[in-house]
Amino acid sequence: MSTKANVQQRQRTKENFLRQFRDETSKELKPLTAAQFMVIWSHYDTDGNGFIEGHELDDLLRELATSVNVNDAGSDLIPDSVLKELKECFLEAYDENEDGKIEIGELAEILPTDENFLLLFRKDNPLESSVEFMKVWKQFDTDCSGFIEADELKQFIKALLTKRRGTNLTEEKLIEYTDTILQIFDTNGDGKLQFSEMAKLLPVKENFLLRPIFKGCASITSHDLDRVFQLYDKDGNELIEEEELDGFVKDLMDLIRKDYDNDDLQQFKQSLLNGCDYNRDRKISKAELKMILLALAQPVDS
């Protein structure tokens, strides 16, 4: 038997993973607990990069479509042409940011997930800026360790769901949600969330520094500078400081690194202050911000 035939035979005999989550009578997907959702996510996110994409998405769609069958009909029975059309329709309906892949929050919208757990992934009310993110971080990093540990994460989940739903969860549910969130977002497996991991759970509406205006321009107008400065200078005292400065540094870090923790952020912050904080007050004035943005706008030599 040829190699291609062997692969097809394995596909035909491989048990459909999603079938176990369908009701035997109605064939509808049954309501999923947080733990079951995590199992499904981990099954299809085979490389653990936080997205279901490429062949992972193909596998999900094939098994989602064929899992209604009572027998173990192989997912390869769906022709590639049909799969391509199915994927296009699927992404158009659920890929909110149009990046061609499915994020955790998008999958939570697709599957019949525990309603309270689903609220953790709502994107209709993101934080306005990284300044707001830093305020939340400091509120729940109660021991100032630079990480959101399990007990702190549980308190964050409790506060978030109480705000969004207005009801309290049982301790058992809070523990279940906390364990599941850690399994999904704690990519380095240290049992706590670092900055970049927490940012995936608590997204910011926009990183202003990603706007095209700051790429490859030789000058920045006073209007542009005022807009950026006001975004970070939340108290209007004409200085970017404390949480405002940390939020600005976080946005800068997001431009150059995907994974970083508190130590990385503080080191980058110190380097920034060493180079741009001319009066050494550990705050950023509008003139100092202009120098940073001009440096950011310069193309990098290849």
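## What counts as exposed

A residue is called exposed when its relative accessible area is over 50%, buried when it is under 20%, and partly exposed in between. Keep in mind that this is a predicted model.

Take Asp 80: its relative accessible area is 58%, so Asp 80 lands over the 50% mark and is exposed. Its salt-bridge partner, Arg 62, comes out at 12% and counts as buried.

## The Arg 62–Asp 80 bridge

The two side chains meet at 2.9 Å, N to O. This pair ties together distant parts of the chain, with Arg 62 sitting in helix H3 and Asp 80 in helix H4, 18 residues apart. The whole count is 12 salt bridges.

Asp 246 pairs with Lys 138 at 2.9 Å, bringing together helix H12 and helix H7 across 108 residues of chain. Asp 246 also pairs with Lys 269, at 3.0 Å; that one joins helix H12 to helix H13, 23 residues apart.

Lys 138 is partly exposed, with 38%.

## Helix H9

Helix H9 covers residues 171-185 and spans 21 Å from its first C-alpha to its last, close to the expected 21 Å. Its buried residues include Leu 174, Tyr 177, Ile 181 and Phe 185.

What do the buried residues of H9 pack against? Their neighbours are helices H2, H5, H6, H8 and H10, plus strand E2.

Note on methods
Residues are numbered from 1 along each chain as its sequence is written. This is a predicted model: local features need pLDDT of at least 70, side-chain atom pairs count only at pLDDT 80 or more; totals for chains, interfaces and linings use all residues. Side-chain values use heavy atoms; hydrogens and water are left out. Helices (H or I, at least four residues) and strands (E, at least two) are DSSP runs, numbered from the N terminus. The expected span of a helix is 1.5 Å times one less than its number of residues. Buried means under 20% relative accessible area, exposed over 50%, partly exposed in between (1.4 Å probe, protein chains only). Contact means heavy atoms within 4.5 Å. A salt bridge is a side-chain nitrogen of Lys or Arg within 4 Å of a carboxyl oxygen of Asp or Glu.
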